[in-house]
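Work through the exercises below with the sequence and the 3D view at hand. Try each task before you read its solution.

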Amino acid sequence: MKATRNTIQRDMVLTAVKQLHHHPTAEEIYQAVAAQYPNISKGTVYRNLNLLAETGEIQKICVPDTADRFDFNTTAHYHFKCNRCGRVYDVDMAYQEDMLSKIRNTNGFLIQRHDIVFQGICPECSEQKQAEQKRMIYTKI
């Protein structure tokens with residue numbers, strides 16, 4: 001019986017990750033699941049997120065200086081983090097399979113994969129910043 005409950009809970013968490021589409025944090029996923037199933041605990045959601053990532057059903061993205069994100073797209077790909085709003089996006093760039101072969105000395109480490117997170121300003125934040133600058137110019141006049 002317990003295994004069935006865990007499967008149902010895992011399915012709820014997986015569904016939330018797929019529906020959110022924006023590389024949500026564990027907290028955002030918990031909020032989405034709890035909105036429909038108020039009795040679910042935060043620990044249950046977090047455990048199932050980690051289990052889904054370990055089994056390869058979702059991808060856990062370690063983003064510098066912020067909470068880990070989760071992605072329903074499990075193919076190898078890169079990400080972009082907006083330094084202004086903090087959102088994370090997929091990058092339209094071929095995954096560099098041969099990058100690991102370019103490492104000259106691994107000092108004995110067995111490197112299995114690599115993740116790259118580009119950082120900058122997303123188009124929405126860039127537009128907002130330009131609009132703010134224009135408002136500042138007009139208020140000074």
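**Before you start.** His21 sits in the loop between helix H1 (2-20) and H2; helices are DSSP runs of H or I with at least four residues, numbered from the N terminus. This is a predicted model, where local features need pLDDT of at least 70, side-chain atom pairs count only at pLDDT 80 or more, and totals for chains, interfaces and linings use all residues. Residues are numbered from 1 along each chain as its sequence is written, and side-chain values use heavy atoms, leaving out hydrogens and water.

**Exercise 1.** Decide whether His21 is buried or exposed, then do likewise for His23.

*Solution.*
1. Take the cut-offs: buried is under 20% relative accessible area, exposed over 50%, partly exposed in between (1.4 Å probe, protein chains only).
2. His21 has 53% relative accessibility, so it counts as exposed.
3. His23 has 6%, so it counts as buried. His23 also lies in the loop between H1 and H2.
4. Check the backbone. His21 has a positive phi of about 55 degrees, although it is not a glycine. For His23, phi is near 55 degrees.

**Exercise 2.** Find which residues of helix H2 (residues 26-36) are buried.

*Solution.*
1. They are Ala26, Ile29, Tyr30, Val33 and Ala34.
2. Look down the axis of H2: these buried residues fall within an arc of 130 degrees, so they line one face of the helix. The arc is taken from the directions from the helix axis to the C-beta atoms.
3. On the other side of H2, Ala35 and Gln36 are exposed.

Definitions and conventions:
Helix = DSSP H or I, 4+ residues; strand = E, 2+ residues; numbered from the N terminus.
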